[in-house]
Amino acid sequence: MKIEFENWPRREIYEFFTGMSNPFYMVSYTEDVTELRAFAHERGISFYYALVYLCTEAMNSVEAFRYAIRGDGVHLLDRRMASFTDLKPGSESFHIVTMPCDGSLEEFCRAARKKSRGAVRFIEPAAETDELVYFSCLPWVELTAMTNERNLDPDDSVPRVSWGRYFESGGRLKLNISLELNHRLLDGLHVGRFHEALRALMEGLN
């Protein structure tokens, strides 16, 4: 759906950041993933795939994360899809898996594993659209923040989400999550709403 720009409450902010050659910013924060790690372990599913699913669902619940800048204006997407890096066992070359978050969390994790293991190409060019969320993971280090490569196109509306290895703190498991966003579309308020939505999804696992 195309946004009615003239009456869009965000119009002034959007126009302000449109004047910048680099309207992107990065924010990193610590998330409690204790419940998610326990859930994934009990059900024998990938913690990584599960967090990809939950982050995508959390973003889809916050309208601002579904804005996309296109040639004729700003559009509100119905949903975003996950596009995440992965490694096959024994491989040192990553590949990218792109798929919608259909079905339940467990169904997604099993489908993601199957699709990743069956991948024969680094990337599926036809799947690259502005409806994605890009995910990266460095499970070998306790990542504090991360930037991603990009062409400096100020219309780039795809959120980037990264994390590393979770760690124990105060008897809980914590994970630093890093987000790169286009300030023309998203502010810190929306990051806070994403965090609240993600927190609620993880606490509601059963």
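Is Y166 buried, partly exposed or exposed? Y166 has a relative accessibility of 27%, so Y166 counts as partly exposed (buried means under 20% relative accessible area, exposed over 50%, partly exposed in between, with a 1.4 Å probe and protein chains only).

Before going further, a word on the model: it is predicted, with local features needing pLDDT of at least 70 and side-chain atom pairs counting only at pLDDT 80 or more, while totals for chains, interfaces and linings use all residues. Residues are numbered from 1 along each chain as its sequence is written, and side-chain values use heavy atoms, with hydrogens and water left out.

Let's turn to the aromatic rings. Searching the whole structure gives 15 aromatic pairs. Rings of Phe, Tyr and Trp (its six-membered ring) pair if their centres lie within 6.5 Å; planes under 30 degrees apart are stacked, over 60 edge-to-face, and the rest tilted. F16 is exposed at 53% relative accessibility, whereas F17 is buried at 14%.

Y166 has a partner too: F47, in an edge-to-face pair with 5.1 Å from centre to centre and 70° between the planes. This pair links distant parts of the chain, 119 residues apart: F47 belongs to helix α3 (residues 47–60), and Y166 to the loop between β7 (160–163) and β8 (167–169). Helices (H or I, at least four residues) and strands (E, at least two) are DSSP runs, numbered from the N terminus. F47 is buried, at 13% relative accessibility.

Elsewhere, Y48, Y49, Y53, F84, F108, F135 and W163 make up one aromatic cluster.
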